[in-house]
Amino acid sequence: AVVSTQSTGADSGKTEAGKKPTVVKYGLNHVTALVEKKKAQLVVIAHDVDPIELVVWMPALCRKMNIPYCIVKGKARLGQVVHKKTAAVLAITSVKAEDKNALNNLVSSVTTN
């Protein structure tokens, strides 16, 4: 699944007053806090984090908080999403209204496997 973090149209990255931008959150500490607050809708974990002890507890935390998670191949792929070299974990907190259906389909496919 591809998550777009680019702004579209003529708004050129600016948001209306009082509206939060829809962005992908990343970083182990930040994602952990979002999961503990139940703000994350989907957590994506890289399989090749070294040392693995950094993320080995994340699926258990997600299961405890009833937040769907998936493990993907390569932290470099996650880094591309957030325009960094690598990222160990990502969290999707909010999506645009037109993308809700795609997120729900992704969450349902993740929870069945």
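Accessible areas here come from the Shrake-Rupley method with a 1.4 Å probe, and for residues only the protein chains shown count as cover. By that method, the accessible surface of the protein comes to about 7,600 Å², of which 53% belongs to carbon and sulfur atoms. The model is predicted: local features need pLDDT of at least 70, side-chain atom pairs count only at pLDDT 80 or more, and totals for chains, interfaces and linings use all residues. Residues are numbered from 1 along each chain as its sequence is written, and side-chain values use heavy atoms, with hydrogens and water left out.

**Overall layout**

- The protein has 4 helices and 4 strands; these are DSSP runs numbered from the N terminus, helices being H or I of at least four residues and strands E of at least two.
- Along the sequence, the elements follow the pattern β-α-β-α-β-α-β-α.
- Of the 113 residues, 30% count as buried; buried means under 20% relative accessible area, exposed over 50%, and partly exposed in between (1.4 Å probe, protein chains only).
- Among contacts (heavy atoms within 4.5 Å) with a separation of 6 or more, 75% are between residues 24 or more positions apart.

**The nonpolar core**

- A nonpolar core is a set of buried Ala, Val, Leu, Ile, Met, Phe, Trp, Tyr and Cys residues joined through side-chain atoms within 4.5 Å.
- The largest one has 28 residues, and V31, V35, A40, V43, M58 and L90 have the most contacts inside it.
- Two or more residues of this core come from each of α1 (28–36), β2, α2, β4 (89–92) and α4 (100–112).
- Strand β2 gives the most, with 5 residues.
- In soluble globular proteins, nonpolar side chains tend to be buried together.
- M58 is in contact with L28, V31, T32, V43 and I45, leaving aside neighbours within four places in sequence.

- L42 lies in strand β2 and counts as buried because its relative accessibility is 1%.
- Not counting residues up to four places away in sequence, L42 touches P68, Y69, L90, A91, I92, L103, L106 and V107.
- T93 is in the loop between β4 and α4, and its relative accessible area of 16% makes T93 buried.
- With residues up to four places away in sequence left out, T93 touches V23, K25, L34, K39, A40 and Q41.
- L42 and T93 are 51 residues apart in sequence, and their C-alpha atoms are 7.2 Å apart in space.

**The surface**

- I52, V56 and W57 make a nonpolar surface patch of about 270 Å².
- Patches are made of residues with over 30% relative accessible area and no salt bridge; like charges are joined within 9 Å, and nonpolar side chains (Val, Leu, Ile, Met, Phe, Trp, Tyr) within 5 Å.
- A salt bridge is a side-chain nitrogen of Lys or Arg within 4 Å of a carboxyl oxygen of Asp or Glu.
- V56 sits in the loop between β2 (42–46) and α2 (58–64), and V56 counts as exposed because its relative accessibility is 55%.
- S108, in helix α4, counts as partly exposed at 37% relative accessibility.
- S108 and P68 are 40 residues apart along the chain, with 8.7 Å between their C-alpha atoms.

**Cysteines**

- A search of the whole structure finds 0 disulfides, a disulfide being a pair of cysteine sulfur atoms within 2.5 Å.
- The closest cysteine sulfur to that of C62 is in C70, and at 9.7 Å it is too far for a bond.
- C62 counts as buried, at 0% relative accessibility.
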